[in-house]
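Please look over the structure below together with its sequence.

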Amino acid sequence: MAEEIRAEMVANVWKILITKGDQVAVGDTVVILESMKMEIPVVSEASGTVVELAVNEGDVVQEGDLIVRVE
């Protein structure tokens, strides 16, 4: 079953730390968002392989937008 990692707030995608096919563990930072000059790490809540990366650096995400899918 795929685990979807979604944005918790409106923010800019500042840095992407993973690529499709990478292995991630629970607690690994996958993306860093930026909002109001604050860096917000987005961490994986599941272990597995990154099967989809739905954002690019510089994108603006809305609350609930898909960021990464881990399977």
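Setting aside residues up to four places away in sequence, Ile 18 touches Val 24, Val 30, Val 50, Leu 53 and Val 68, where contact means heavy atoms within 4.5 Å. This is a predicted model, in which local features need pLDDT of at least 70 and side-chain atom pairs count only at pLDDT 80 or more, while totals for chains, interfaces and linings use all residues. Residues are numbered from 1 along each chain as its sequence is written, and side-chain values use heavy atoms, with hydrogens and water left out.

- Ile 18 is found in the loop between β2 and β3 (23-24); strands (E, at least two residues) and helices (H or I, at least four) are DSSP runs, numbered from the N terminus.
- With a relative accessible area of 8%, Ile 18 is buried, a word that stands for under 20% relative accessible area, while exposed stands for over 50% and partly exposed for what lies in between (1.4 Å probe, protein chains only).
- From Ile 18 to Lys 37 the C-alpha to C-alpha distance is 22 Å, and the two residues are 19 apart in sequence.

**The loop between β4 and β5**

- Met 36 lies in the loop between β4 and β5, and its phi is near 50 degrees, a positive value in a residue other than glycine.
- Met 36 counts as exposed because its relative accessibility is 75%.
- Lys 37 is found in the loop between β4 and β5 as well, with a phi near 65 degrees, which is again a positive value in a residue other than glycine.
- Lys 37 has a relative accessible area of 81%, and so it is exposed.

- Ser 35 belongs to strand β4 (residues 29-35), and it is buried, since its relative accessible area is 17%.
- Not counting residues up to four places away in sequence, Ser 35 touches Met 9, Val 10, Ala 11 and Ile 40.
- Ile 40 has its place in strand β5 (residues 38-43), and, neighbours within four places in sequence left aside, Ile 40 is in contact with Met 9, Val 31, Ile 32, Leu 33, Glu 34 and Ser 35.
- Ile 40 and Trp 14 are 26 residues apart along the chain, and their C-alpha atoms are separated by 9.2 Å.

- Val 31, which is found in strand β4, counts as buried because its relative accessibility is 0%.
- Beyond the residues up to four places away in sequence, Val 31 touches Val 13, Lys 15, Ile 16, Ile 40, Pro 41, Val 42, Ile 67 and Val 68.
- Val 31 and Val 55 are 24 residues apart in sequence, and their C-alpha atoms are 9.4 Å apart in space.
- The largest nonpolar core has 18 residues, and those with the most contacts inside it are Val 13, Val 30, Val 31, Leu 33, Val 42, Ile 67 and Val 68.
- The elements that give two or more residues to this core are β2 (11-16), β4, β5 and β8 (66-70); such a core is a set of buried Ala, Val, Leu, Ile, Met, Phe, Trp, Tyr and Cys residues joined through side-chain atoms within 4.5 Å.

**Asp 59**

- Asp 59 is found in the loop between β6 (48-53) and β7 (60-61), and it counts as partly exposed because its relative accessibility is 29%.
- With neighbours within four places in sequence left aside, Asp 59 is in contact with Ala 11, Asn 12 and Val 13.
- The C-alpha atoms of Asp 59 and Val 24 are separated by 22 Å, and the two residues are 35 apart along the chain.

**The protein as a whole**

- Along its principal axes, the C-alpha trace of the protein spans about 35 × 15 × 15 Å.
- Of the 71 residues in the protein, 34% are buried.
- Among contacts between residues at least 6 apart in sequence, 54% join residues at least 24 apart.
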